[in-house]
Amino acid sequence: MNWLYIVGLIVFLLFSFVTLFGAPFLPTLNAQTTEALDLLDLKPGQTLTELGSGDGRILRAAARRGIYAIGYELNPVLVIWSRLASWRYRRLITVHWGNYWRHSLPLTDGIYVFLLQSYMKKLDTKIIQEAKKPIKLVSYAFQIPNKKHSKLLNGLYLYSYKIGPPKTKIG
Ligand SMILES: C[S@@+](CC[C@H](N)C(=O)[O-])C[C@H]1O[C@@H](n2cnc3c(N)ncnc32)[C@H](O)[C@@H]1O
């Protein structure tokens, strides 16, 4: 019986330690998943990145629309779970195990996040510094400070980052 407690404790610790680096696991509801993807309005063949991809439900919903989906998730239990659950979409879905603050943003057309308010400014800076092309961002529940959203739908905020080519100095 002791091993059951040990396994339970390990799983508990894995879900808890994540809060040192970001939001704890709380999945987006199915209705909001559909609405988030509608807001992003990505086309088949485009790429969605999810920072903190949880159980992978957004990645799978994106893949069902023919969208490439890249997830970053710190909790190894959720990484294994989402990889297994996404097996049939493996051509479209990649789940990276790791801390998204330590990974550069991949080439992506859209980003989905469900973080905490305290991380939103850091996220804004990360996108501005690392985006290689224009990006649409949907954030569930939390807003980017001092940035105007272009749409709001049931707690989902849509933002646009218009990243231009690097400016060359004249003279
Ligand atoms: C609020 S949940 C949202 C899950 C999923 N995005 C969804 O909407 O269903 C936040 C997720 O981010 C993960 N997470 C938190 N901080 C992280 C970090 N620094 N790097 C990678 N994943 C992180 C958590 O383990 C959790 O699964």
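Me: In which helix is the place of A62?
Reply: This is a predicted model, in which local features need pLDDT of at least 70 and side-chain atom pairs count only at pLDDT 80 or more, whereas totals for chains, interfaces and linings use all residues. Residues are numbered from 1 along each chain as its sequence is written, and side-chain values use heavy atoms, with hydrogens and water left out. Helices (H or I, at least four residues) and strands (E, at least two) are DSSP runs numbered from the N terminus. With elements named in this way, A62 belongs to helix α3.

Me: Is A62 buried or exposed?
Reply: Buried means under 20% relative accessible area, exposed over 50% and partly exposed in between, with a 1.4 Å probe and protein chains only. Because the relative accessible area of A62 is 0%, A62 counts as buried.

Me: Which residues does A62 touch, not counting residues up to four places away in sequence?
Reply: Contact means heavy atoms within 4.5 Å. With residues up to four places away in sequence left out, those that A62 touches are L37, L48, I67 and A69.

Me: In which strand does T47 lie?
Reply: T47 is buried, with a relative accessible area of 13%. Leaving aside neighbours within four places in sequence, T47 has contacts that include I67, Y68 and I70, and also L107, T108, D109 and G110. The strand that holds T47, spanning residues 47-51, is β1.

Me: Why are the buried residues of α4 on the same side?
Reply: In helix α4 (residues 76-85), the buried residues are P76, L78, V79 and S82. The arc is that of the directions from the helix axis to the C-beta atoms. These residues lie on the same side of α4 because the arc that they cover around the axis is only 155°.

Me: Which exposed residues does the face of α4 turned away from its buried side carry?
Reply: The buried residues of α4 are covered by elements that include α1 (2-17), α3 (57-64), β2 (68-73) and β3 (93-97). On the face turned away from that buried side, the exposed residues are I80, W81 and L84.

Me: Which residue caps the N-terminal end of α4?
Reply: A polar contact is a pair of N or O atoms within 3.5 Å; within protein, one must be able to donate a hydrogen and the other to accept it, and residues adjacent in sequence count only if both atoms are side-chain atoms. The backbone nitrogen of V77 lies 2.9 Å from a side-chain oxygen of the capping residue, N75.

Me: Why is the pair of F114 and Y140 tilted?
Reply: Rings of Phe, Tyr and Trp (its six-membered ring) pair if their centres lie within 6.5 Å, and planes under 30 degrees apart count as stacked, over 60 as edge-to-face and the rest as tilted. A search of the whole structure finds three aromatic pairs. In the pair of F114 and Y140 the ring centres are 4.7 Å apart, and the pair is tilted because the planes meet at 55°.

Me: Which residues around the ligand come nearest?
Reply: A residue is near a molecule or strand if one of its heavy atoms lies within 4 Å of it. An oxygen atom of the ligand is 2.4 Å from a side-chain N or O atom of T28, while a ligand nitrogen is 2.6 Å from a polar backbone atom of G52. Of the 22 residues around the ligand, the nearest are T28, E50, G52, E73 and N99.
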